[in-house]
Amino acid sequence: MVEPVPESIHFPSEEKRILQLWKDKDCFQECLKQSKNRPKYTFYDGPPFATGLPHYGHILAGTIKDIVTRFAHQSGFHVDRRFGWDCHGLPVEYEIDKTLDIKGPDDVAKMGIAEYNRQCRMIVMRYANEWENSVTRMGRWIDFKNDYKTLYPWFMETVWWVFRQLYDKGLVYRGVKVMPFSTACNTPLSNFESNQNYKDVQDPSVIVNFPLLEDENVCLIAWTTTPWTLPSNLALCVNSELQYVKVKGEKVFFVYPRFPGKTLKGKKYKPLFDYFRKCGETGAFQVVMDSYVREEEGTGVVHQAPYFGAVSISFNNICQRDQAPVCPVDSSGCFTDEVTDFVGQYVKDADKNIIKWLKERGRLVNSGSFKHSYPFCWRSDTPLIYKAVPSWFIRVEHMVEKLLENNDKCYWVPEFVRERRFGNWLRDARDWAVSRNRYWGTPIPLWCSDDFEEVVCVGSMAELEELTGVKVTDLHRESIDQLTIPSRCGKGVLRRVTEAHYPFENRKEFEDTFPADFIAEGIDQTRGWFYTLLVLSTALFGKPPFKNVIVNGLVLASDGQKMSKRKKNYPDPGLVVENYGADALRLYLINSPVVRAENLRFKEEGVRDVLKDVFLPWYNAYRFLVQNVQRLHKEDGISFLYNEATAKRSDNIMDKWIQSFTQSLIQFFKAEMDAYRLYTVVPKLVKFVDMLTNWYVRTNRRRFKGESGTEDCLGALENLFSVLFSMCRLMAPFTPFITEMMYQNLRHLIDPASVEEKDSSSIHYLMLPLVRESLIDKRIESAVCQMQSVIELGRVIRDRRTLPVKYPLKEVVVIHQDPEALRDITSLQKYILEELNVRQLTLSTDKDKYGISLRAEPDHMVLGKRLKGAFKSITASIKELKSEQLETFQKTGSIVVDGQELHEEDLRLMYSFNQTSGSATQYEAHSDSQVLVLLDVTPDQSMLDEGVAREVINRIQKLRKKGHLVPSDEITVYYSCEPAGDYLDHVIQAHTDFILATTKAPLKTYPVPKDSSVIVQEKTQLKGSDLDLTIVKGAAAPRAPLTGPACAYINLQLKLNNKEQGIFRLIIRLTELYITFGRGPTIGAPQGSIGLDLNSVFVYLNCQYPCVMEHSIARGQLNLGYVGTLLLVNPVGHDYLTHNALLSETAKLFGLRSRRLKLYLDDALTQGKTDTPGPKSYFGSVSMLPSMHLGWLLARPSSAQRMGWETLS
């Protein structure tokens, strides 16, 4: 049986309960078992380092992957999901270097590589438990038991196999490359790594002179912000197309004619230092040409230290691949012995000494400082330098076109990343330096002779054992560095190259599942993992490595800065989940710009708003459904079970609308998820929650409570269940916890015969709902959209005039130029009147009738900034625009004023009333681009009184909530007003029945009986009076003996031959039925009334029951307080009036709003009756608990055409 749903919920606690459920049932493994025979869906997952704790970037990437793989499973695929750990590389080594105070390679050599790697191995899984807890707590389903680690020998051997394939294809070679270099970590970095940590810094700025050898009185002057590179200067570079000029003088300058840069080509100059003067013999110290030199900064002459610059080192014949590099800086960033004046100095520290040296020798023209953006090491947070290092390369430049071709075969979300950021990176691709001077990683499997002329590439452990004759069980450096391979060319033995780690070793072998259906990582990986996969797959297989890729942006702190533990500028992810739940964090991240490859400024209040704006309304709709299912079972003994195949199609327009909206959403959801556009799906799902809770449930509350009869109530509940069930299945990949929580209760309401899955014990075992296209009705969706526009515009008017919805208004006027739109609005008139609390709806196509015209005002901020001096004249012209012109502007979105084209953001449109029309004081107007709404805002005392009565109702209902009461609890409300007899007291007395009809609780004046059990009491201020309210347990029902009809007349709507004849008054007599047009409380038959014999009524109406609809006052208010009379035709031997039918007819006629009704055979309410009444005559009572009881008298004479009595009191 479905369980009651509590009024309040703590989502994080519920999520922990669901986690335990998943663990107890081993749901993830069961999910995999169920899908094992389905088609496979594969994705590549870049594993994280376990040396640090997970942050929001990891959570975001994991959430995207979890959503897509859950969706794939729900779409009928089998999705293996294994967690991986990146155990190698710089992050691990950096932690060890800090811990053991290791400064460079010499320190590692002292302790030995074996010990160093042992220390690394000890910390690689330092935070493994925290990672598993975090990933699991976020609801991600992935296998930790069968994980993989990049330090496993089988994994490292796979990397060797990949490298061997590249080597055999002739794509591996050795060379020298200028690379970003971390002097703190003693290793080169990839361009991707070097781009991760730029900072604005102040660096020295110097201008230095270079005298020409042909005339030392003429100097070239060059600018640099890295003085430490000047000792390694080998050339000067100019742009052949730029114009240069010769200047002479000190205080007064003489400028010579300009000349093109190409005239400087080949001119030789005097070196700054003598350290590498011999290089002049091979073409150094001369002017070279390149187009990268720009005139925007510097002097147009760029100093070249080729082995410390990112620019190509092959300037003509200045630098040769076979010559020793001019790179007098060691791996710690200190000058070597070659630079005798500054030997041992750290290069950045040497800047000031070099500047001093230049000044003393007359080579310094100017010095100062310069603020610019400079790369720092992402691990040590120290400045990087660019430095030439020997490296093993993979050839890439020759296959740029193939890379671009394969990239075009991949589907990118968002698409601009493929075309621009990633595409541009591929077009400029250079040969890839893959070696690193590190220790803890997968060693490059190359054994070389001392002169590097003989090279053997090993592709497996078995091959290495065969070549060395040594059993191999591990592939880390300490296990294989000492192994040698005999030379086949008489070069002695081949030794393994000392470089270790290379960047694609931490990726799951992709050849088993190639290409992947899906991958996802951050936009920073366009130069990292995405690039790695594409290069390898293109080189090895000539194909793209993946079919679909989602690129996310970066999660930043709320101030737009990078999240920093040191700055503490972001909330701890664990605390956010503890406070708001994982589902809220998941939905906040996915429903943000970050899934469109834009950056997100993380704000904790955004996570909180997901709870407030999405989860709580959704939860309340679910709770409302369960409450009314339980009410139906308790009051009518009906057990609700949903079966889609047998559920009846509803004729209610709002039912049709929400079903159509739901099916349209399912259709949209599948199309967009198939296209991996998560950023379009979530806003639609969030909007759907709003449509469901704030529109469908809100406008149909009375139906769910049974006020329209049991059959309509069942139909409404089936409809709401269908929608909530579909929504849970759609949202399950995005919010796995809340959907599971709801489903675990809702599944008890599903007819077992309708369940297709063998095991349906988890929402995540179920497939996505199929689109039922027959239920999609765009016409109805459009009609409800029109209705919503009218209601929302009306609410704006009420807010503008500070008119709460509790206070009724006389009229709403809807003006629309489209007659079809007006017909739509008419079909939903009931909801408009209820939501806006107005008495009458008037439709029109003529706004002139109400004296309304459009006028425009400029947006001063937008237009003033754009038009500047012309703004004043344009403003005057805007104010002169006619209403007809502005109506056209409303439709087209643009208008030309004084030659300037203006758009929607430039103008504010307002409606004004013609002061002579009388509408100016009566109505308030508001509009969107389609419909104009007028509200009659003139005060009316009776409506103001009703509004105050609604305020009292509101106070009572809030007090009920404060007392933790539910609608079925039997209570009595006592009240007092001070001062007694004031306005508020009069209003309550005059509206007692109105208040009762809503609260369903007797309303009595103080004092509260001493023996009453008080639940809650509160004193509040309202309309200048003190209102004291007390709610007590139980309900006292007034009793009075019934001797006949309880009221003299009922207003009814009469139908003859299924045609409405209008509203009439039914005058009750024991032998006659009178119909009159009067509305006074006349008991006798007035003149002009139509007297009908009871015998002729049934025959004339030709129906089983008269169609009676009460019209005298609002539904739920009986004419004479607690009593009323219901007449039904029930011929002898025909159409027996069953127990349930009688209660249903009673509720329909008197608007009893799903009160609990009971049938009694006596006025004392002692003889209960639950079976079907027989054909005999008897007297009985219907009791409605808790607030009143209803009596009925069924006279069953022998004549078959006699009217019976139902008397209600």
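**View 1. Strand E24 and its two partners.** Asn548, Ile550 and Asn552 point one way from strand E24, whereas Val549 and Val551 point the other way, and all are buried; buried denotes under 20% relative accessible area, exposed over 50%, and partly exposed the range in between, with a 1.4 Å probe and protein chains only. The model shown is predicted, so that local features need pLDDT of at least 70 and side-chain atom pairs count only at pLDDT 80 or more, while totals for chains, interfaces and linings use all residues. Residues are numbered from 1 along each chain as its sequence is written, and side-chain values use heavy atoms, with hydrogens and water left out. E24 covers residues 548–552 and is mostly covered, five of its five residues being buried. Strands (E, at least two residues) and helices (H or I, at least four) are DSSP runs, numbered from the N terminus. Strand E17 (residues 411–413) runs parallel to E24 and is joined to E24 by three bridges; two strands pair if DSSP finds at least two bridges between them. Within this pairing, Val413 stands opposite Ile550. Strand E23 (residues 518–522) also runs parallel to E24, with four bridges, and Gly522 has Asn552 in E24 as its bridge partner. From E23 the chain crosses through helix H15 (residues 529–541) to E24 in a right-handed β-α-β crossover; right-handed means that, with the strands pointing away from the viewer, the path from the first strand over the helix to the second runs clockwise.

**View 2. Strand E8 with E13 and E14.** Strands of a sheet pair through backbone hydrogen bonds, either parallel or antiparallel. E8 (residues 235–238) pairs in the parallel sense with strand E13 (residues 286–289) over four bridges, and in the antiparallel sense with strand E14 (residues 302–304) over three bridges.

**View 3. The three-stranded sheet E7-E6-E15.** This open sheet has three strands in the order E7-E6-E15, with antiparallel pairing. Strand E7 (215–224) and strand E15 (364–375) stand at the edges with a single partner strand each, so one side of each has no neighbour in the sheet. Neighbouring strands are turned by 20° against each other on average, direction ignored. Strand E6 (residues 198–212) and E7 pair over seven bridges in the antiparallel sense; Ile207 has Trp223 in E7 as its bridge partner.

**View 4. Helices H19 and H20.** Two packed helices are described by the angle between their axes and the distance between the axes. The axes of H19 (residues 653–674) and H20 (residues 678–699) come within 10 Å and cross at roughly 170°. Axes are lines fitted to C-alpha atoms, for helices over the stretch in contact, and angles run from 0 to 180 degrees between N-to-C directions. H19 and H20 are therefore roughly antiparallel to each other; angles over 145 degrees count as roughly antiparallel, under 35 as roughly parallel, 65 to 115 as roughly perpendicular and the rest as oblique. Contact means heavy atoms within 4.5 Å. Residues of H19 including Trp657, Phe661 and Phe668 meet residues of H20 including Leu685, Phe688 and Trp695. The residues of this contact divide into 16 nonpolar, three polar and four charged; Ala, Val, Leu, Ile, Met, Phe, Trp, Tyr, Cys and Pro count as nonpolar, Asp, Glu, Lys and Arg as charged, and the others, Gly among them, as polar.
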